[in-house]
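Me: I have a structure open and would like to go through it step by step. Can you help me read it?

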Amino acid sequence: MPLSPPAKGVLWLICGLILLILAVPGTWLLVNVYDAPLDPQVLAVLERKYDTIAPAENLFYALLALNSQDAGDINAQGQRLYTEYLRQSAAHAPERTYRFDYDGTFARQPFEGNQQLLCGSAKPQEYCLERARSTRKELEQLLASNRLLLDRYGSLQHYRHLQDPVHLAVNSLIVQWQPFRAAKRLWLTDVALQIDAGNRDAAIDALREEIAFTRRMLAEPDLILIDKMMLAASLRDSLRLISDLMRQVPLSQAQFQALQEMNPPLTDDERSLSSVFAREFTGFADLAQSLGDSTYSAFSPGLAGSLQSRFLKVHATLNLKWSTVEKTIAESRASCEKLPREEPTSNGRAKLPFYDYVYNPIGKILVVVSATSGLDFLETFCDLEGMRRIVALQAMLRARQVPDEEVAEFLKRAGSAFGNPYTGLPMQWNAASHALTFEPLAPRDGDYFPWAI
């Protein structure tokens, strides 16, 4: 039957609404059909190789087997362990269930005794030499019971390079640093016992070699974040023992000079986290690629997984993420005085306008949710430079026998190179507690101040 004009109008309106309803999701799907090409910088970061150091020269492999009960070459043992990890990872991808610390063909040597007696404790003030005097027999027994680990720490110091070859992924493996940490504390305790026995020159020579090794590793370009943080902690513990030595033991001018020479300012490579943030980006890239793979349904199976792959454009996501990482890298290369004073809150972070989520909405949400400035890690290395400056000042004050009433003026004359790393102002002097201090910004460092000299 012929329709009346009003009926035709209603029909056309209904048809228009249906077409509009169909057009909106259709257009949305069409907009998200194509992915962007990877930016050249992103491609270069993702294609960089992290296995360019000859394995026999790479500390990484020795660390993997540091506490092995096998008396053979720990570097060779570590290489075998890493080869097995690669084989297992390929066989079980993408689960990657292999663990360096639990799997492998050799047994691990457990630590025997009470680690709390060792130097390198997390207490606010290090009294390593005092413990060496008061509990010498117990400490000597601890060293004897863990001689294998102690000797192996000394053997690490000939290495020139540390390159972490692990491909970062959602659940990738990292070096288990606990044996290294225990070995370093044994080594510090051994040095303290040498000092207590009067072998000061030998102890200072040992500290010089060990600090040079630690700083050499700290400056390596292919570390991941945990590697860098553990090496920073190792350097801090050496500085604390040096400080304890100067505070409690009479030293000659030559010995003060030797301690001063082994403690130069942190270099840009030692302090910077720019290469670390680039490595961490590769871990994000693995996550994004896993989520964007429609055949990988561990995160979002079924329909959700299909929509996820449709509205997550991996290349566009990585390009956007890298633009935020570049800002963090730039801050890492800047001086401590130019660091932001606080982590941006969720309200203070830059946000994308709502209409920008039409294209690659899941990828953009992923970038926004994972956004971090890494400020607390940058602060850790600025705090470390501040600790180094205090130890350097302590050596000068002790060597010149500056009386307490003149310390404040001495600090002013020392200049910004020995001042608060964040402001350049002189370190604060507390004559009552005989301590130097500044306000550390990394929360984990607050317990070490004021720093008694």
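Me: Let's start with Y34. Buried or exposed?
Reply: Y34 counts as exposed because its relative accessibility is 64%. Buried means under 20% relative accessible area, exposed means over 50%, and partly exposed is in between (1.4 Å probe, protein chains only).

Me: What kind of model is this, and how do the numbers work?
Reply: This is a predicted model: local features need pLDDT of at least 70, side-chain atom pairs count only at pLDDT 80 or more, and totals for chains, interfaces and linings use all residues. Residues are numbered from 1 along each chain as its sequence is written, and side-chain values use heavy atoms, with hydrogens and water left out.

Me: Where is Y34?
Reply: Y34 sits in the loop between α1 (5–31) and α2 (40–47). Helices (H or I, at least four residues) and strands (E, at least two) are DSSP runs, numbered from the N terminus.

Me: Which residues form the negative patch?
Reply: D404, E405, E406 and E409 form a negative surface patch. Asp and Glu count as negative, Lys and Arg as positive; His and the chain ends are not counted. The place of a charge is NZ of Lys, CZ of Arg, CG of Asp or CD of Glu.

Me: Where is E405, and is it buried or exposed?
Reply: E405 is in helix α18 (residues 404–414). E405 counts as exposed because its relative accessibility is 66%.

Me: New topic. How many salt bridges does the structure hold?
Reply: The structure holds 14 salt bridges. A salt bridge is a side-chain nitrogen of Lys or Arg within 4 Å of a carboxyl oxygen of Asp or Glu.

Me: Show me one in helix α6.
Reply: Take E140 and R136, whose side chains meet in a salt bridge (3.1 Å, N to O). Both lie in helix α6 (residues 136–145), four residues apart, about one turn of the helix. E140 is partly exposed at 38%, and R136 is partly exposed at 25%.

Me: Which network are they linked in?
Reply: R136, E140 and D196 are linked in a network of salt bridges.

Me: What about D151 and R147?
Reply: Their side chains also form a salt bridge (3.4 Å, N to O). Both are in helix α7 (residues 147–155), four residues apart.

Me: And E385: which residue does it pair with?
Reply: E385 forms a salt bridge with R388, and the closest N and O atoms are 3.0 Å apart. Both lie in helix α17 (residues 375–400), three residues apart.

Me: Last one, I211. Where is it, and what does it touch?
Reply: I211 lies in helix α9 (residues 200–218) and is buried at 3% relative accessibility. Leaving aside neighbours within four places in sequence, I211 is in contact (heavy atoms within 4.5 Å) with L235, S238, I242 and M262.

Me: How far apart are the C-alpha atoms of I211 and L235?
Reply: They are separated by 6.7 Å, though I211 and L235 are 24 residues apart along the chain.

Conventions:
Patches are made of residues with over 30% relative accessible area and no salt bridge: like charges are joined within 9 Å, nonpolar side chains (Val, Leu, Ile, Met, Phe, Trp, Tyr) within 5 Å. Accessible areas come from the Shrake-Rupley method with a 1.4 Å probe; for residues, only the protein chains shown count as cover.
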